[in-house]
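Work through the exercises below with the model open. Each task is followed by its solution.

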Amino acid sequence: MGIVVLAAGQGTRMRSSRPKVLHQVAGKAMLRHVLDAVDALQPERCVVVVGPGQGEVAKAAAPHATAEQTERLGTGHAVQAAHAALGDLAADPQAEVLVTCGDTPLLTAETLAGLRRARVAQDAGMAVLGFQAADPGAYGRLVMDDTGLLQRIVEAKDASASERAIDLCNAGVLLARADILFESLARVTNDNAKGEYYLTDVVGIARGDGERVAVALAAEAEMQGVNSRADLAAAEAGMQQRLRAAAMASGVTLSAPETVFLSHDTALAADVMVEPHVVFGPGVEVAEGATIKAFSHLEGARVGAGAQVGPYARLRPGTVLGSNSRIGNFVETKNTELGAGAKANHLTYLGDTVVGAAANIGAGTITCNYDGFLKHRTQIGEGAFIGSNSALVAPVSVGAGAIVGAGSTLTQDVDADALAVARGQQKTVAGGGARFRASRQADKARRDGAGKHGS
């Protein structure tokens with residue numbers, strides 16, 4: 001089997017310098033969503049058709065081959081551009097070629113497999129994916145014959161009034177025997193309203209040659225193409241709904257699922273509890289029984305079994321939380337490991353830090369990991385206690401069982417079981433507060449008097 005993914009469109013309605021197919025849905029480029037779906041069919045070859053100067057798209061398509069459509073002359077012309085890259089497979093009467101678009105991120109491997117089954121079941125040389133549209137609008141219409149086979153596809157701009165009334169629409173996915181596809185493409189013309197070579201014209205040509213063309217149905221929501229920012233938001237909403245449903249079906253509790261945003265690769269184990277307004281960026285794994293409290297943001301982090309995160313916590317890439325550890329409100333971590341049972345319950349920054357099991361990090365603690373040029377690590381041993389409002393200037397190490405007094409600024413290592421206090425000596429002046437207030441009141445009286453005299 002060969003695959004051709006059409007990704008050469010400029011996406012002008014996106015109003016973006018980024019190629020359309022590289023815009024992300026659930027943290028992954030739309031093109032990669034499509035390639036993941038077609039890869040499940042285990043094709044012998046997959047070719048992504050790109051436009052001129054679209055090196056970023058070619059890079060995102062790797063390791064798949066790419067073919068350049070030097071001029072954007074329509075979808076049929078784009079498929080012809082992939083002919084050479086498909087090699088011998090393009091002329092093999094025993095081979096199939098699937099053509100799909102790179103801007104349909106909700107397309108699933110199951111739907112593509114259904115298209116393949118429909119072609120085989122109806123002994124058809126070609127099969128097209130269609131959907132019942134609530135508003136057919138600008139979609140191409142599928143014109144069926146009396147036997148339930150596809151007769152032709154009519155683009156909306158070329159459709160008659162009766163054809164525009166059809167709500168069975170073209171999803172832009174076509175599967176055909178390789179020889180039939182390319183022989184038909186060779187006879188496609190640009191005699192239409194847009195002056196383009198339409199891939200859809202191969203259906204009528206194949207039917208004229210006596211070939212059967214089957215139709216398989218898909219859900220309209222799955223076939224949502226993205227041509228604007230509004231379409232992108234709709235695709236994101238559809239993907240989030242799918243990801244949330246899958247998470248809950250696997251044993252995850254989402255107390256307000258419509259407020260939780262997941263990445264394409266978010267891995268949540270059974271009995272994980274996710275409270276409202278949590279955002280998962282790419283690369284997050286949460287083990288069984290953990291709780292992610294409201295308004296937390298996680299990316300590139302691993303959360304151990306029974307751990308608690310948040311509310312209002314931020315876990316940045318490289319964070320690893322041990323079992324039953326705690327990251328509390330307004331705590332930020334980056335490239336940091338917390339051992340089992342370790343706690344940083346509030347108002348803390350831990351960057352490039354290793355915290356041993358059962359250690360306690362007091363409120364307002366900061367690991368000062370950056371000197372303006374390089375990042376440095378902080379090591380905190382098992383069972384250590386870091387008092388509130390402490391600053392640990394890396395590189396620095398606090399030994400197991402050590403205690404750091406509140407308000408300390410550490411610049412030297414602390415041995416295991418030691419007590420370290422590093423702060424300025426307190427000075428108390430008897431009656432100083434009263435004298436300070438009196439002097440300020442006298443100053444105010446003088447200013448007020450000068451103001452009245454001036455008026």
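Strands are DSSP runs of E at least two residues long, numbered from the N terminus. The model is a predicted one.

**Exercise 1.** Find which element gives the most to the lining of the largest pocket.

*Solution.* 
- Start with the space itself: the largest pocket holds about 1600 Å³.
- Go to its centre. Of the 48 lining residues, the closest to it are Arg13, Thr75, Asp103, Lys194 and Asn227.
- List the elements that give two or more residues: these are α3 (75–81) and β10.
- Pick the top contributor. β10 gives the most, with five residues.
- Sort the lining by class: 21 residues are nonpolar, 17 polar and ten charged.

**Exercise 2.** Describe the lining of the second largest pocket.

*Solution.* 
- Take the volume: about 190 Å³.
- Count the lining: 14 residues, with His33, Pro105, Leu107, Met239 and Arg242 nearest the centre.
- Assign elements. Two or more residues come from each of α1 (30–39), α5 (109–121) and α9 (229–249).
- Split by class: seven nonpolar, three polar and four charged.

**Exercise 3.** Identify the buried residues of helix α8 and what covers them.

*Solution.* 
- Apply the cut-off: buried means under 20% relative accessible area.
- Val202, Val203, Ile205 and Ala206 are the buried ones.
- Recall the geometry. An α-helix has 3.6 residues a turn, so residues three or four places apart point the same way.
- Look for the cover. It includes the strands β7 (126–132), β9 (150–154), β10 (168–177) and β11 (213–217), and the helix α7 (178–185).
- Step past the helix end: just after α8, Gly210 takes a positive phi of about 90 degrees.

Conventions: Residues numbered from 1 in each chain as written. Predicted model: local features only at pLDDT ≥ 70, side-chain atom pairs only at ≥ 80, totals over all residues. Heavy atoms only, no water. Buried < 20%, exposed > 50% of the residue type's maximum accessible area, 1.4 Å probe, protein only. Helix = DSSP H or I, 4+ residues; strand = E, 2+ residues; numbered from the N terminus. Contact = heavy atoms within 4.5 Å. 1 Å grid on protein atoms, 1.4 Å probe; cavity = no way out; pocket = protein on both sides within 12 Å on 5 of 7 lines; lining within 4 Å. Points joined across faces, edges and corners; volume = space filled by probe spheres on them. Nonpolar A, V, L, I, M, F, W, Y, C, P; charged D, E, K, R; others polar.
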